[in-house]
Amino acid sequence: MEDDDGTRALFHALDRLPGPRHLEHPDGFDHARARLRAAGLRDRLSHDFGRPCRLDEGFQDASFSFSLDIPAEATGAGVPLGVRLSDYGDLAVVITSAPGGHDDLDDAVRDGALSETDRDRITVALADLGYRPVAPRLLHRPYDGLTWLTDGDHATWWTRFFDHL
């Protein structure tokens, strides 16, 4: 995981990318390429966990296009895991039980929701495929970017890069 200051700077840089007003993705986002990469991650995690992982896609009005589910029976902790892939900057977030369930993967390991082996499997696969894992605690900070999301009271960086808009 990147340090807090580096991640905050990255969020602001991605937030300034030219893009459509709807904020779903920046200009030049290659959905077909992103789908191939997401399918590659699904295949890698299916292999690494020894069970088929499901790739969900086709999300509308969202700043992410793909979500992967790792079944509970494949994990060391016996709980399902998820990975969301943002349409911005190759960002990825690992979800243990629900968004916001754990501040980061180390917390999830300490709480028994994630085994160290599974944490390593996921982070290595993400790194090998060029994704940038982000700690949920950084995503749940109030959004202070440049878009119309600042007009609301409850927007966070999660909203900006990993949620329905």
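Is the crossing of H2 and H4 left-handed or right-handed? In this predicted model, the crossing of these two helices, H2 and H4, is right-handed. Two packed helices are described by the angle between their axes together with the distance that separates those axes. Helix H2, which spans residues 31–49, packs with helix H4, which spans residues 116–128, at an angle of about 150 degrees, and the two axes lie 10 Å apart. Because angles over 145 degrees count as roughly antiparallel, H2 is described as roughly antiparallel to H4.

On the side of H2, the contact is made by Leu41, Arg44, Leu45, Asp48 and Phe49, while H4 contributes Asp118, Arg121, Ile122, Val124, Ala125, Leu126 and Asp128. When the residues of this contact between H2 and H4 are divided by class, seven are nonpolar and five are charged, and none is polar.

Helix H2 also takes part in the largest pocket, to whose lining it gives the most, with three residues. This pocket has a volume of about 210 Å³, and of the 15 residues that line it, Phe29, Ala34, Arg37, Ser86 and Asp90 are the closest to its centre. The elements that give two or more residues to the lining of the largest pocket are H2, strand S2 (64–70) and strand S3 (81–86). By class, the lining of the largest pocket comprises seven nonpolar, three polar and five charged residues.

Note on methods: Residues numbered from 1 in each chain as written. Predicted model: local features only at pLDDT ≥ 70, side-chain atom pairs only at ≥ 80, totals over all residues. Heavy atoms only, no water. Axes fitted to C-alpha atoms, helices over the stretch in contact; angles between N-to-C directions. Helix = DSSP H or I, 4+ residues; strand = E, 2+ residues; numbered from the N terminus. Parallel < 35°, antiparallel > 145°, perpendicular 65-115°, else oblique. Left-handed = near helix turned anticlockwise from the far one by under 90°. Contact = heavy atoms within 4.5 Å. Nonpolar A, V, L, I, M, F, W, Y, C, P; charged D, E, K, R; others polar. 1 Å grid on protein atoms, 1.4 Å probe; cavity = no way out; pocket = protein on both sides within 12 Å on 5 of 7 lines; lining within 4 Å. Points joined across faces, edges and corners; volume = space filled by probe spheres on them.
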